[in-house]
Amino acid sequence: MSAGNETVSAGQANAARYFIYAALIVLAVVYLLPLYVMLSTSLKSLDEIRGGDMLALPKAPSISAWVKAWGEACIGVSCVGIKGYFWNSIKMVIPAVLISTLLGALNGYVLTKWRFPGHKIIFGMMLFACFIPFQAVLIPMARLLGLMGLSNSTTGLVMVHVIYGLGFTTLFFRNYYEAFPDELVKAAMIDGAGFFRIFWRILLPTSGPIIVVTIIYQFTNIWNDFLFGVSFAGGEASPMTVALNNLVSSSTGVKEYNVDMAAAIFAALPTLFVYVVAGRYFVRGLMAGAVKG
Amino acid sequence: MNIRMITKLAAGAALIAMTAGAAKAAEQVEVLHWWTSGGEAAALNVLKENLQKQGVAWKDMPVAGGAGSAAMTALRARVTAGDPPTAVQLLGFDLKDWAEMGVAANLDDLAKKEGWDKVIPAALQNFSKYDGHWIAAPVNIHSTNWLWINKAALDKAGGKAPTNLDEFLALLEAFKGQGLTAIAHGGVPWQDGTMWEAVVLSVGGPEFYKKAVLDLDPAALSGDQMKKVFDTMSKIRTYFDPSFSGREWNLSTAMVIEGKAGMQEMGDWSKGEWLRANKKPGSDFVCIRFPGTQGSVLFNADQFMMFDVGGDAEKAQLKMASAVEDPAFQIAFNTVKGSVPARTDVSNEKFDDCGKKGMADLAEASSKGTLMGSLAHGYAQPAAIKEAMLDVITQHLNGQLTTEAALKRLPEAVKAAK
Amino acid sequence: MTTIEPAPVIAPQRQSRGFADGLRDALPKIVLAPSFAVILVFVYGFILWTVYLSFTTSRILPVYKWGGFDAYYRLWGQPNWYVAMQNLAIFGVLYIGICIAIGLFLAILMDQRIRAEGVLRPIFLYPMALSFVVTGTAWKWFLNPGLGLEHTMQNLGWTSFKFDWLVNPNMAIYTVVIAGVWQASGFVMAMFLAGLRGIDGEIVKAAQIDGASTVAIYRRIIIPLLRPVFLSAFIVLAHMAIKSYDLVIALTGGGPGNATELPSTFMYSYTFTRNQMNVGSASAVMMLMGITAIIVPYLYSELRERKQ
Amino acid sequence: MSFLEIKDIRKKIGSNEILKGINIELEKGGFLVLVGPSGCGKSTLLNAIAGLLPPSSGDIVIDGQVVTDLHPSKRDIAMVFQSYALYPNMTVEENIAFALEMRGVEKAQREAEVKKVAKTLQIEHLLKRRPSQLSGGQRQRVAMGRALVRQPRVFLFDEPLSNLDAKLRVEVRAEIKALHQNTHATIVYVTHDQIEAMTLATKIVVLKEGQVQQVGTPAEIYNRPANLFVADFMGSPAMNMLKGKVSGGGIALFGNDGIKVAMPPSVTANLPDGKEVILGLRPEAITDSGLVDPKVVSVAQIEADVTMVEPTGSDTFVTGRIDGASFTARTRADLHVAPGQKFAFSFNLDKAVVFDPQTTQRID
């Protein structure tokens, strides 16, 4: 809804609008500052960074830091930039997001349309899983991954992300399907569709908004994860965040801030892209159920 | 995107993920370390190439951040999983702690063959051996009680390097008079600790350091000498610039290099920054032991602890251990890193003046028994006690604790962490 | 959970009629079972394991030697732990409060038929997309008195401008709040925006006809209607506050001194760098108890409500 | 033999018994309407027939086959839902063809069947649209098409007209009626609207609180309601319920000193004098004298105060009052009467039914 202003005089209304726009623009600038600092720093030379003002525009913008971050910077003993780790992250994030989303959708489907005694307790327990601090599970997780032969592998990492994403994805889909008319499921049953057919043909195709929310949420979390990445997939299989950390927080040596910033922006690009492109659907998807909590 | 396509993608992606893991080469070493920056990584690359010449592949597992704290998390995960890396960069008491868990390899045969017992300082052997058996190959020896002074600023202040605390404080005042940040410092617990231990050594000498820091004598930890240490720290604190908190050490070094600050108390790794800025020891900067600590060395050595990997991997592991102790590598690595070789039988001709001084100091301290482990870097106390002491030191330096409270808190914290 | 189960949408048949029918009836449970089993093991199993570990003498790695309540005595004997708890209280209250206030304010502004909504929305949302591994450095610069805002303002001629919270032990926790709010308030805005868009326009029209001013409409009608969103936002923010780790590490590393230590950083450092795994586990148990105290009543009321 | 038999169906949810032993039979080609107020269990019963909600006990028999334990898809039934339950992600064509597709019908044949049904329902031009692009009436037709295309043994309708506006409701109602007459399909239809029940059914079942109140043809239900509940529920405006006492072959209405009306002997023959009864009289049986059928035997002329006049166009409903008791009369539209006047009403007592106020049952 939108508040109208029929009761307010035109002059007052205009003043209010100016205030709204002014407030929004000021806040937008504040929100953008860190990104601006990263971007402008990545385009500056090291000398300019050391001597100059953080907020000043680059005097002679250069993308050399970007080139270096992508293909030349040293992460450990190999100096091939972060591009390889970028693909590592992609390889990890895509299966992890898709699998956890699909499982969440199925769980939500069962928990709303095929209820059985105790479904609430099960849902409650799955929801509580969202809140476990990840630092507390590292060691036992490592042990189990070792027993399964998945230690230090992308597969293991994917599994970890799927497990700890399940609570959230189940929550999202359950709330969404709660509002989905039961009659449609009944109709499909009478039409002769079984459990999976109803899911594939009726529910999933109408789950667009919540799929978008879930994918954005999962993608962001998994892409940005550092703790699991550093613990369960070291070395060449490292995800982007681990490589970025290796680059920016090396304990000794000259700090190439422009390269660090460029690498950081590379690391942020996919999630930024997802938010900018899908932001509209995000709000819509939240409307469609997730907000109900 | 239709649903079938998503399923196919998911299946495909899962498949890729499956195949992406595993696949170990015949002879390889997997090395967990936090030397990720240019200079260090280049130094390590020498080792990698040496091993490759012997047909041993190098699987790199760098984990930077927090002076190895992220690396320690990764290590725990790997060891818990029953899949430890071949070799791990470790410091001080962490070596003992890990060896205690029964996960260390035994390097005795190699050490005997190559005579490590004779060439590696005894104080260091304490950490490279567990229960009388070699478990680690030391790479280098850093020492932490150094002071790095900008030569131009020093000349302006009279040109004489300080040799005791009073001269040091006078020099601070002089630098302040020049409009400089008198001493560049980064407010991070380990840096605070590095300065603190140098002050302890300076105030009380090696005996006091041993008593207070190594033996944790409660009387020493709260006595008059310790009061002087904390008072001195408070005094030095007044010469910091306002934005010291959380600053990386190399940024502080840069301040000294650029002449914005007068000096820096830091380990010998900071020399690398000077060299990379094309500055010469003696003409552009002065390296001295922290005033009042000449003759003693607080050391911090990087070691590759070898984990019990068993079977074929062991052969590659021994090759690596041997390559680490190769004098040529020791020279190549340490000239870049700023440290001195872990072996005492290495020629010093490739080293610069500061390096030569470091090697001489080390030999002297080693023979006099004043080569002692650095607290801030885990060579004096196990992690729990070290961190507990750093808590007190850093809180005091940041004004959260008064000197009196710090003196009371220090022995308590030590006791609680034991 | 004591109330009656509602009528299931589609309940299993009365009796099983052969394998195929039986399989079909059990299918939903079979589909749910792996997820639930995984949660049982990897969440609840691990919680039990952590609880057990807190009663052992574990230091560098888990050992299973009984240590009684030693770890808890150590934990509650740590000044650091009190600092961490106090900081969490300050951080939690401010972070949740300010995020909700700014999020609601932004959402209300954005809901006034703003022309550039498509541009503004991602600007407010994007911080949520970025990890502090990425933005930490920028924030550190920005807040650093020698490099950031203070420096810039002084360069611009406002020489008396002072903003040294980052390095001031008494104020550093507030810089963590600032960065945290920056990250999460856009997300809260999105939640409120969704809530606002879901409100029946007729209610607002009715209020206008009743002569309510815009402010009154928001204060008396719309904001009360958003109650469920407040609750959701509170839960999301509370769990982020308790889990906040990257934020502190990237910004202050827990310093200056230990001025910005939080339970999450405390737990991590005791478990992984201070080799006191039992104390770390004990702190994890405390955190879990705190989370339980917040979440379980919420879950309970939420799930009960739907029963009608 | 009956085509559809509902045998002693009970349904308990928790401690709450929703259906308390329902027995109904329906012949092939019959149109059964389940009617009753909300919460009477009619939808639960329909769901039980569909197999969507298994009964706690009892059996459902279709064409001699016990289907109680069969999956809904195997009962060969089709259902039209109140909300139509059209799959929002499919076009009209796909919606109608979905059940055939699930049953493995060839694509070509599917298309032919869909065309045929679309033609019958005159929705051929809508086949490529999605449900969200249709009006309420169009959706309703599609929902029926989806049921029709299957040619099932039994059609189930769950309040299919309740989401339509008044005019459309009448139209679609007529279409359903025509459809039934043309196809001779067996239909079970749930509604709370008694007009739908009257117009459509060959057999009406009135339900209340999980129990059958009366089963019968629309005429039986309307003219000879089994009890006060049925009498009150069926018909609009509702049947007038006038308290009275048996008195010498007639009934004294409107209190002790009220008016005594003569009744057909069949009605009061077996009742003792002084017995309290309730006299049920439909509004159309109370009218102005000009409208009384000359063949009627028992007529009473009663003067009453007019309290309200409601013209509907075709008729005018007049509310009269005597001694505190009100009744509604259905009179000619051109009758000139205004509130406050006195008016002489003709009570057609041939149409009267008598109920026992204690048992609420009709007295024959």
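## Chain contacts

Chains B and D do not touch. Their nearest C-alpha atoms are 12 Å apart.

This is a predicted model, in which local features need pLDDT of at least 70, side-chain atom pairs count only at pLDDT 80 or more, and totals for chains, interfaces and linings use all residues. Residues are numbered from 1 along each chain as its sequence is written, while chains are lettered from A and ligands numbered from 1 in the order in which they are written.

## Domains of chain D

Chain D is assigned domain 1 (4-233) and domain 2 (240-363); the bounds come from an automatic or database domain assignment. Taken over C-alpha atoms, the two domain centres lie 38 Å apart.

Seven residues from domain 1 of chain D and seven residues from domain 2 of chain D make the contact. On the domain 1 side, five are nonpolar, one is polar and one is charged. Nonpolar covers Ala, Val, Leu, Ile, Met, Phe, Trp, Tyr, Cys and Pro; charged covers Asp, Glu, Lys and Arg; the others, Gly among them, are polar.

## A sheet in chain D

Five strands of chain D form an open antiparallel sheet, ordered E15-E19-E16-E17-E18. Strands (E, at least two residues) are DSSP runs numbered from the N terminus, and two of them pair if DSSP finds at least two bridges between them. E15 (286-288) and E18 (325-332) of chain D each have a single partner strand, so one side of each has no neighbour in the sheet.

E17 (residues 315-322) of chain D pairs with E18(D) over eight bridges. In one of these strands, E18(D), Ala325(D) is the bridge partner of Ile322(D).

Key
Helix = DSSP H or I, 4+ residues; strand = E, 2+ residues; numbered from the N terminus. Contact = placed C-beta atoms within 7 Å.
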